[in-house]
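Hi,

Here is the structure I promised to pass along.

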Amino acid sequence: MKPTKIDRTIADFAARATVPSVQTLGRGLSWGADEKVWLALSAVGWIISRGQARSVQRAANHALLVTVAVSALPHVMKSVFNQTRPDRETLRGHLDGVQLSGRAEDAFPSGHALHMGALYSGASTLPAPVRIGLRSIALGLCATRILILAHWASDVAAGFLMGALVERGLRLWTGYGQDGASPT
């Protein structure tokens, strides 16, 4: 797969605009969307939910299942699709402090974005202030993947959309969001 012209333009802008301190901050923030973090959080949440109200257990079951699914999906897809990460193709970025990220040919899709798409979608049943906060965090964490040149913008957009679709699809099985809340 080849990145689009828009992908290259965005990556070139990120490479020109970056400095080591911004890259370090972006890498640190990016951990907030890492699969290991989300697997641990959802497993702990699932354990804590046992003995709670049925709706809480359903939400925890859903969160754990979605997290496992969106953790596995990019590994499967990256074994099929080979796309070079922008940090391997943007010399200017390395001059300005961009570090290498992950395996060179594993740009598509962004696994971090899959988790954030699922979070964005799953937050639809929450009260407005919490929903808005979580969705803002999800979008911001996706932006870090582009900023640190770990992924092309299209890898992030595709991963985000896939994560949201997986979350919505699994609702049919888990019953999440069917407790009287109206998902958006």
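**Salt bridges**

The structure holds 3 salt bridges. Bear in mind that this is a predicted model, so everything below is computed from its atoms.

Lys-36 and Asp-34 meet through their side chains in a salt bridge, at 3.9 Å from N to O. That falls inside the cut-off, because a pair counts when the nitrogen is within 4 Å of a carboxyl oxygen.

Now for the network. Which residues are linked in it? They are Glu-167, Arg-168 and Arg-171, joined by salt bridges. Glu-167 takes part in both of the contacts listed here:

- With Arg-168, the closest N and O atoms are 3.4 Å apart.
- With Arg-171, the closest N and O atoms are 2.8 Å apart.

Where do Arg-171 and Glu-167 lie relative to each other? Both belong to helix H8 (residues 153-174), and they are 4 residues apart, so about one helical turn separates them.

On accessibility, Glu-167 counts as buried, with a relative value of 1%. Arg-171 is buried too. Arg-168, by contrast, counts as partly exposed at 33%.

Cheers

Terms used. Residues are numbered from 1 along each chain as its sequence is written. This is a predicted model: local features need pLDDT of at least 70, side-chain atom pairs count only at pLDDT 80 or more; totals for chains, interfaces and linings use all residues. Side-chain values use heavy atoms; hydrogens and water are left out. Buried means under 20% relative accessible area, exposed over 50%, partly exposed in between (1.4 Å probe, protein chains only). Helices (H or I, at least four residues) and strands (E, at least two) are DSSP runs, numbered from the N terminus.
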